[in-house]
Amino acid sequence: MASEDSVRKPLPAPDADTVTFWHGLRHGKLLLQHCRRCRNVQYYQQATCRECGSDDLEHRPATGRGKVHSFSVVYRAPGPAFKEDVPYAVLLVELAEGPRMISTLTGSDPEDVTFDMEVELAFDQVSDDITLPRFRKA
Amino acid sequence: MSDTSLRGKVAVIGIGLSAVGKVPGRSPLSLAAEAAANALADAGVAKSEVDGVLSSHAFASPFHRFSVAFSEYFGIRPTFSNTLQVSGATAATMFSIGAAAIHGGLANVVLLVAADSLMTGLTPDLALRSLTESRDQQYEMPFGIPVANTFAMTAHRHMREFGTTPEQLAEVAVVHSRHAARTPGAQQSTPITTADVLNSPMVTTPYHKLDCSLISDGGAAFVLTSAEHAKALGISSPIYVLGCGECYTHEHIFLMPSLTTTGAVESSRRAYAMAGYQPSDMDVAGIYDCFTGTVVMMLEDLGFCRKGEGGPFVADGQMSYGGQIPSNTHGGLLSFAHSGMPGALFHFHEVIAQLRGQCGERQVENAALGLVHSLGAGFATNATTVLGTEGTL
């Protein structure tokens with residue numbers, strides 16, 4: 001019998017680096033950090049640019065468009081919390097702005113995912129505070 | 001070669017395994033102590049001579065300072081010790097850090113020891129969770145991405161870019177099972193076929209169950225000392241650490257620079273450069289085989305074949321006897337055993353035994369130079385070691 005703790009899906013706990021990101025998602029925006037000094041665009045969020053070290057970062061909403069760089073359809077869940085979701089497609093999405101991110105497919109058959117498939121952002125509110133960025137076929 | 005190079009400065013003088021496979025009722029410390037006792041007996045060195053201990057974390061053990069807990073359990077008081085953690089790459093870093101510690105005067109005789117009981121010491125769900133909860137809780141884990149999935153996405157992209165086929169991936173598992181059939185104590189000792197792999201349940205595309213490594217109990221240990229001290233002890237066939245290299249390219253899979261070319265290129269380049277040898281000089285290899293596609297990519301990145309040609313290379317028999325680089329002759333993580341971070345230590349054990357000429361019917365003829373590559377965390381960590389006999393110095 002799985003413990004209650006082990007069947008609960010992990011939910012992000014925003015911290016000082018990421019609170020703006022999760023706040024953005026709650027309000028329908030996927031925020032990327034744009035470095036004003038070197039123009040690097042980064043995902044995930046932190047206090048400084050990972051390329052040049054500048055702290056002059058601006059949060060800008062992504063277009064939400066991207067394509068599937070790689071993917072893997074999960075048939076054996078990583079623990080009890082995901083058992084009811086299988087099969088599901090984990091996507092490595094390359095955003096139009098450049099950065100890649102991990103997400104999952106929503107709204108269509110996971111077995112129909114293909115490389116370079118065009119996808120668009122879909123907001124999935126999973127708790128009062130947390131909205132996860134998922135993707136659907138564009 | 002500069003004075004500071006580790007090339008040939010340190011020798012492996014003892015190797016040992018614990019019981020391996022399904023070993024119920026034994027703690028990681030107990031398995032580690034068994035392996036350590038075997039390695040010291042093999043070296044002919046008393047435990048009181050050991051002044052350094054390096055280890056790695058065990059999931060089935062509560063001791064975060066595993067090397068410290070081990071030393072108490074084993075009854076020694078080292079003056080150099082650490083518990084290393086760079087996931088699957090830890091094994092090769094134990095050799096490089098152990099060698100550096102000896103060369104730098106921090107220790108004289110270093111015991112490398114690790115063990116875990118992933119098979120019987122943890123429930124399957126706990127074992128999986130232990131691997132998934134080490135990933136980012138904000139940007140990865142909410143999406144249910146097991147570590148297998150990160151490796152799967154690299155192999156999947158490799159198939160897309162280079163036309164690697166499911167049959168070629170399956171052939172990796174087939175070769176490993178054939179090797180394991182000749183290894184006493186191998187966990188999966190019945191040879192399997194390509195069809196067996198392709199018909200086994202899908203875990204995470206493109207990986208079927210038999211594309212994935214085993215879950216096992218067991219440990220391994222090694223005794224290292226300086227080349228001079230090995231001579232003074234009269235060790236009959238010391239095996240020398242000739243080259244070491246590491247490379248860390250990312251933590252998150254979405255920041256991996258390329259899904260199909262890994263940090264193994266740089267870690268092995270550094271190891272070959274220190275050793276003064278090339279990939280084509282290697283007689284035998286131990287290649288971290290957490291999944292079949294991992295081996296295909298590593299054969300390329302370690303320089304045994306060109307990028308994109310790993311699939312045909314394996315299908316052509318090049319990673320087995322009579323091929324270019326007989327690899328994982330014990331059966332690897334896929335068929336011998338995989339007890340977590342100690343897993344790649346089994347590759348070291350096999351390659352060193354090959355270089356000593358102790359492998360019986362598995363022996364690669366005249367093996368004098370060997371490479372071991374260990375890696376982890378979706379290719380986030382890579383570490384390579386080149387080893388050789390006295391004649392290769």
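Visitor: Among contacts in chain B between residues at least 6 apart in sequence, what percentage join residues at least 24 apart?
Guide: The model is a predicted one. In chain B, the secondary structure amounts to 13 helices and 11 strands. Of the contacts in this chain between residues at least 6 apart in sequence, the share that joins residues at least 24 apart is 77%.

Visitor: What radius of gyration does chain B have, and why does it agree with a compact globule?
Guide: Along the principal axes, the C-alpha atoms of chain B fill a box of roughly 55 × 45 × 40 Å. Of its 393 residues, 65% count as buried. Because a compact globule of 393 residues would have a radius of gyration near 21 Å, agreement is found with the value for chain B, 19 Å.

Visitor: How many of the 16 residues of helix 5 of chain B are buried?
Guide: Helix 5 of chain B covers residues 147–162 and reaches 23 Å from its first C-alpha to its last, close to the expected 22 Å. After this helix comes B:Gly163, with a positive phi near 75°. Helix 5 is largely enclosed by the rest of the structure, because the number of its residues that are buried is 13 of the 16.

Visitor: Which element supplies the largest share of the side of chain B that touches chain A?
Guide: In the contact between the chains, 28 residues of chain B meet 32 residues of chain A. Helix 4 (124–132), helix 5 and strand 5 (202–204) of chain B each supply at least two residues of this side. By class, the side has 15 nonpolar, 8 polar and 5 charged residues. The largest share, 6 residues, comes from helix 5 of chain B.

Methods. Residues are numbered from 1 along each chain as its sequence is written. Chains are lettered from A and ligands numbered from 1 in the order in which they are written. This is a predicted model: local features need pLDDT of at least 70, side-chain atom pairs count only at pLDDT 80 or more; totals for chains, interfaces and linings use all residues. Helices (H or I, at least four residues) and strands (E, at least two) are DSSP runs, numbered from the N terminus. The radius of gyration is taken over C-alpha atoms; the globule rule is 2.2 Å times the number of residues to the power 0.38. A residue is buried if 20 or more other C-beta atoms lie within 10 Å of its own, exposed if 12 or fewer, and partly exposed in between; C-beta atoms are placed from the backbone. Two residues are in contact if their C-beta atoms, placed from the backbone, lie within 7 Å. The expected span of a helix is 1.5 Å times one less than its number of residues. Ala, Val, Leu, Ile, Met, Phe, Trp, Tyr, Cys and Pro count as nonpolar, Asp, Glu, Lys and Arg as charged, and the others, Gly among them, as polar.
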